[in-house]
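Biologist: I would like a close look at a single part of this protein, with some context for the whole chain first.

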Amino acid sequence: MTKMTPTTKTLLAVTLVLAGAGSALAHSNEARLDEQAQLIEQGRRQGSITWREGRELRKEQREIAEVKATFESDGHLSRSEKKILFKMQDAADQRIESEANDNLHRASWLPRFGR
């Protein structure tokens, strides 16, 4: 069994909280995207998410935001549109957790580059 670092424990705890059905309804889409962006940046700073992983995760966040903007173009979000967005964000949560815990890390002696 691998030892969990404090970073891994924090990311896992936040992901579990966000994955709960009640929390999905309590958070707005925008707040959830912000939380996911913070988790990605935290993983990048700490080295648990590599530059390439971060780039792909941010691309996924942009795609969710684009879908949301398309859905909101008529002035509101329907229940089915909200359900689609929540499913996309749940998948993003799982992917962030997976990338943070996949044992691919930036070597601590290498400088961090990129966003």
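How much accessible surface does the protein chain have, and what percentage of it belongs to carbon and sulfur atoms? After that, please take helix H3 (residues 29-46) in detail.

Modeller: The model is a predicted one. Its protein chain has an accessible surface of about 7300 Å², and carbon and sulfur atoms hold 57% of that. Of the 115 residues, 34% are buried. The chain contains 5 helices and 0 strands, in the order α-α-α-α-α from the N terminus. Among contacts with a separation of 6 or more, 71% join residues 24 or more positions apart.

Now to H3. Its 18 residues should span 26 Å at 1.5 Å a residue, and the C-alpha atoms at its ends are 26 Å apart, so the two values agree. The buried residues of H3 are Asn29, Arg32, Leu33, Gln36, Leu39, Ile40, Gln42, Gly43 and Arg44. An α-helix has 3.6 residues a turn, so residues three or four places apart point the same way. After H3 comes Gly47, with a positive phi near 90°.

The partner to consider is helix H4 (residues 51-72), whose axis comes within 10 Å of that of H3 and crosses it at roughly 170°. The two helices are therefore roughly antiparallel, since an angle over 145 degrees counts as such. On the H3 side, the contact uses Asn29, Glu30, Leu33, Gln36, Ala37, Ile40 and Arg44. H4 contributes Trp51, Gly54, Leu57, Arg58, Gln61, Ile64, Ala65 and Lys68. By class, the residues of this contact are 7 nonpolar, 4 polar and 4 charged.

Technical notes
Residues numbered from 1 in each chain as written. Predicted model: local features only at pLDDT ≥ 70, side-chain atom pairs only at ≥ 80, totals over all residues. Heavy atoms only, no water. Helix = DSSP H or I, 4+ residues; strand = E, 2+ residues; numbered from the N terminus. Buried < 20%, exposed > 50% of the residue type's maximum accessible area, 1.4 Å probe, protein only. Contact = heavy atoms within 4.5 Å. Areas by Shrake-Rupley, 256 points an atom, 1.4 Å probe, with all protein chains shown as cover. Expected span 1.5 Å × (residues − 1). Axes fitted to C-alpha atoms, helices over the stretch in contact; angles between N-to-C directions. Parallel < 35°, antiparallel > 145°, perpendicular 65-115°, else oblique. Nonpolar A, V, L, I, M, F, W, Y, C, P; charged D, E, K, R; others polar.
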